[in-house]
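Q: Hi, could you walk me through this one? I'd like to begin with the pockets.

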Amino acid sequence: MRRFLIDTDTASDDAVALIMALRSPDVAVEALTIVAGNVPLDRCIQNALYTTELCGSPVPVHAGLARPIFGEPVTAEIVHGQDGLGDIGLDLTGRSAAEGHAVDVLVETICGSPGEITLVTLGPLSNVGTALLREPELAGAVKHCYIMGGTGRLPGNITPAAEFNVYVDPEAARIVFESGMPITMVGWDVSWTCAFVDPAGEARLRAIDTPYSDFVCDIQATLTEFVEGMLGIRGFDLPDPLAMAVALDPSIAETEDRYVEVVAGDGPARGQTIVDHLGVTGKAPNASVVTHVPPEAFMALLCETLS
């Protein structure tokens, strides 16, 4: 069994990624550590607990940081709904997180089993960056870290330069990318070209006809409206599930080892991930940047975990 620890700001695409991990027969999810991002922390916690209940999983859910290391919180209800799961009327109250702060869980779990824990991050990197500040040796103890964040080539999705997860806490992201831990970066731009579910794809998912497949499609209601209103096309992209797919089966991804710099501080480039594609900086690569995943490979893996 492979051992995963997942750090997430649980909203509509995060929940799909969690189902993929929780229903993979060769993966043991040690814990979910929750960070504020798509919606405020309390809603992220309830969404994670609802998803683990749906999967019948006893995985502990631990509350983490409710705000970035620096600056004010930024959320994305316009994309994922006020509750984060599409505002479809789910019962998302009354559940309680496990004892123990997410940052402590990250340090204790990873450093307690060096070389054994795969870390998958689906939200802002506030928890992980704080854990590295507390215990820098964590970087060397991680087996591998798969990050859904940034963009490799295309513009951002919250500013012209920045992708949401990195923009929310670029200081934390900079700490993580400069930590020396082995990183695979799955950018939002790759999800847009390789993990977009059009109406035919949604019909394929619904035809699986399980509680998981219906849930995965239903909770994209707000996201579908947002995409159609912004771009005039019908469907939804699944960046977090794509990152999880790469973590579950790295062989499906085409990657390039590159140096990635995160722009922190204020200004129009805040949160940008600058990927040195040509090696002009002369700096050693600090991440494997995913450039392509065959859409059918992603969809096949998603369908398998929902079946």
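A: The largest pocket has a volume of about 420 Å³, where a pocket is an open set of points on a 1 Å grid over the protein atoms alone, with protein on both sides within 12 Å along at least five of seven lines, and a volume is the space filled by probe spheres set on the points. This is a predicted model, in which local features need pLDDT of at least 70 and side-chain atom pairs count only at pLDDT 80 or more, while totals for chains, interfaces and linings use all residues. Residues are numbered from 1 along each chain as its sequence is written, and side-chain values use heavy atoms, with hydrogens and water left out.

Q: OK, and which residues are the closest to the centre of the largest pocket?

A: Of the 24 residues that line the largest pocket, those are V79, H80, N157, F164 and W188; lining residues have an atom within 4 Å of a point.

Q: Which element gives the most to that lining?

A: That is α12, with 4 residues; helices (H or I, at least four residues) and strands (E, at least two) are DSSP runs, numbered from the N terminus.

Q: Switching topic, is strand β4 enclosed or open?

A: Strand β4 (residues 117–121) is largely enclosed by the rest of the structure, because 5 of its 5 residues are buried, meaning under 20% relative accessible area with a 1.4 Å probe, protein chains only.

Q: And which strand is joined to β4 by 5 bridges?

A: Strand β1 (residues 2–8) is, and the two run parallel; strands pair if DSSP finds at least two bridges between them. In β4, T121 stands opposite D7.

Technical notes: Buried < 20%, exposed > 50% of the residue type's maximum accessible area, 1.4 Å probe, protein only. 1 Å grid on protein atoms, 1.4 Å probe; cavity = no way out; pocket = protein on both sides within 12 Å on 5 of 7 lines; lining within 4 Å.
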